[in-house]
Amino acid sequence: MSLRTFKLPTIDFINKRKYAMIFSALLLIVSIISIGLQGLKLGIDFTGGTLIEVGYQQTADLQDIRTKLASANYTGTNVQYFGSDTEVLIHLEPQASSSAKLSSSIIQMLGDDIDMRRVEFVGPKVGEELTNDGGLALLYALIGILIYVAFRFEYRFALGSITALIHDVIITLGVFSILQIEFDLTVLAAILAVIGYSLNDTIVVFDRIRENFLSTRHTEPMPIVNDALNQTLARTLMTSLTTLLVLLALFYLGGEVIHSFAGALIIGVLIGTYSSIFVASSMILVLGISKEDMLPSEKEKKEIDARP
Amino acid sequence: MNHYPIWKNILIGFFLFISVLYALPNIYGSDLAIQISGTGDYVVQDRDVKKIKNTLVDKEIDYKSIGLVNRNILIRFEDSQSQLSSKTLLKNTLSRNYVVALNLAPSIPQWLSNIGGKAMSLGLDLRGGVHFLLEVDMEAVVSMAVDRYYNELRTILREDRLYKSIRKEDNLLVVSFKTESLKTQAKQLIKDELSDLVVVEGSETDLQLSLEISSSAQSAAKSGALKQNITTLRNRVNELGVAEPIIQQQGSERIVVQLPGVQDTARAKEILGAVATLEFRLVDEKNDLQTAVQSGKIPVGSKLYKFKDDTPLLLKSAVIVTGENIVDAASSVDQDNSPMVSITLDNAGGRTMLETTKEFLHHRMAVVYIENKVETIVEDGNTVKKRSKTQDIINAAVIQGTFSNRFQITGLDSAREARNLALLLRAGSLSAPIEIIEERTIGPSLGADNIQKGLISVLVGFSLVLLFMGWRYRVFGLVANLALTLNLVTIVSILSMLQATLTLPGIAGIVLTVGMAVDANVLIFERIKEELQLNKNIQKAISTGYAKALLTIADANITTLIASLVLFSFGTGPVKGFAVTLSIGIITSMFTAIVVSRAVINLIYGDRKVEELAI
């Protein structure tokens, strides 16, 4: 048997779910503690402030830049290399007089021979709005998905998939909090994409669980769920692998601007794959799914019978 | 079995043909170009093309082509050297009726653009440029409207001597009366002639009325101010010379300004946000400046102003003319090489100026530069608007002779200041102060980097997936690869047709779609494998594999689509760009991964006896 046609062994996922639950609980606790204690390193999209990226001809002298900024009385500045040592990212908190002109005067102060690569200025009010809009977007996406899954499957499936999603979002945020990676609008977009992706995975498994319930005489939920997980395992892994391939390309080749975006997606895809195997299906077992719940209602049954 | 009717194959072929055709414009590069358009009502014509052609030929500047395209003159160049030198040349030779701007022009063959083929429009993060979000200070708009009504109210009530006093309290006008009958009379008059003013409910006492501007009049004033500011901004952007600027309203008090390819962002910021104007006043020569400064008592009819270096000067309160009377302004230098601005006034302004200069010959007149600013700052955790007004005397000189509508002013610090002032006076003033509340600028070098990195990551990610699929699913994998390639082409063609803006997050969305699009094929193929293991007939395995996977694919994709539509409606900027390509990608992937791959599989395996599937 070659590597290409390898057969996945049948795994008893359900009996291992205790370990998975402990593992998930640990990850969640660590994430929540980190988010609670040190929070997220929010980017200027949410806090307001100014971001300046400049390119130098030779290696940039960060100390010199810091001194210049300090002598001009700028507070809350953060100067670091960005991608290479000829590129510098300057981050300023909202200043006492925070206006769009700030960046022009800083670039002028740094000298003529530098290349202005990027300037972002977000006023305090806009930052507030973007935070609200971002939170709302997350909430609405979850609600929309909840409704669709409850409508297509059953409420227990909806709860199961939402649990898995919240699990994924919290842990992804947790990783961002622990590693103190900057959280900006594009990362928020990535998290929403993770929701979509993780859900995709979960739905495929659920679909199979429903199908198995309807096609076998067995009524024990555990072996049915386990079969479904094993039957979809090849697909789950293949898809995660192809998605990870492109994400890795994006992470390593897409440039600094897209770095944390791709990072969030990679973390999210890994956790999403794990959660659709272990979390979502455990959840519907906990909620007590049974064959009866899967049987179509009388009306639907007639429609199915009427099909050729 | 496993056979598509001919019409279905033709239809699929037709869709794919269209996709390829409209994705095609993107493989042609673009030329460095200069775009010349008319300002205001002026539309460039053929004779302008001839004139410009001659100018370029005279100066021996090489160009690729020149012609009228969509009411613009487009000149294409081989290299940036000739592009830049032509810009300087044309800017100096053409009158101010023309806007000369650098641009990139896609070099699509004629036949393709005839059938509507267009390249994707690139976002500012890919081509470089500035994005501003400006907010109009609506409190100031209302407050100015209150001032206006204050004057009108006084005028109509004065005729019959109805009121005792009128004062302005915040945005209310409080009117007191001597008798109740006068109040009733005034109320009727206000109702008839100033219906925009309404009595604040419950505020009426025996001899007093509090009036406020009705909410409809308030919103009319606000939307009027917004529209006028947009017009002014458009004029100013035209003066800056930007190709394809976007200036549009967002919400009820904000304006988005996008200037692709602008390099001097500092100047753009100075120009866009400035609420600057001039006032001409006579110098108060009767009262003693020293006494006024020391005692702090300013004589009636005068106001204390300062030069930029803080030297005080008493000026008369009455204004001779203001910036609103200025119809044209141009900056230049005088004999001593110091910067100056030549002013042209309208008829009314010219008349007043003539009368004043006759009457006050050999007296001094001052030019006051006024600038309004508004800034949002954080104070004790709350955001507050901070307004400030600077009024500097830029020059106070003795009137040497009479003049009317044409004259020069000097006393400016630099040529840059003179240039900016002339531009602001020409473009008209903003009706209310505006503030830049968000800026995103991408320098041209980063834009080019982003395009290159985006392209490379799409290509590498795409190739990895192709290799993997071919290895894992053999013939079926190759079919999936074909579907994936067509999916990419279809996304590009739809983006081009919709002229949706492609951004870096948008490219990330495409990359993600590539990863996820194979999911549909993976689902189908794994299902076919399963069916084969159940020892089914091969043809039946293919069709059940497709049929059973279909619902799952639909469910999975619709939920992802819900998430990306939410992203689209709530997101701004980067989030939106990502949502657009992701949504389009999900929809096209359903078509290519299910329908197109099935059609190809049918062509390969359908209608014949197959011993073994290469899967």
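Predicted model: local features only at pLDDT ≥ 70, side-chain atom pairs only at ≥ 80, totals over all residues.
Residues are numbered from 1 along each chain as its sequence is written, while chains are lettered from A and ligands numbered from 1 in the order in which they are written.

Val293(B) sits in helix α10 (residues 289-295) of chain B; helices are DSSP runs of H or I with at least four residues, numbered from the N terminus. Between Val293(B) and Asn70(B) there are 61 Å in space, C-alpha to C-alpha, and 223 residues in sequence.

As for confidence, the model scores ipTM 0.83 and pTM 0.77. Chain B has a mean pLDDT of 85, with 98% of its residues at 70 or more (pLDDT is the predictor's confidence in each residue, from 0 to 100). Within chain B, helix α1 (residues 6-23) has the highest mean, 92, and helix α9 (residues 265-273) the lowest, 78.

Over in chain A, the axes of helix α1 (residues 17-37) and helix α9 (residues 259-286) come within 10 Å and cross at roughly 105 degrees. Axes here are lines fitted to C-alpha atoms over the stretch in contact, with angles running from 0 to 180 degrees between N-to-C directions. α1(A) is therefore roughly perpendicular to α9(A) (65 to 115 degrees).

Technical notes
Helix = DSSP H or I, 4+ residues; strand = E, 2+ residues; numbered from the N terminus. Parallel < 35°, antiparallel > 145°, perpendicular 65-115°, else oblique.
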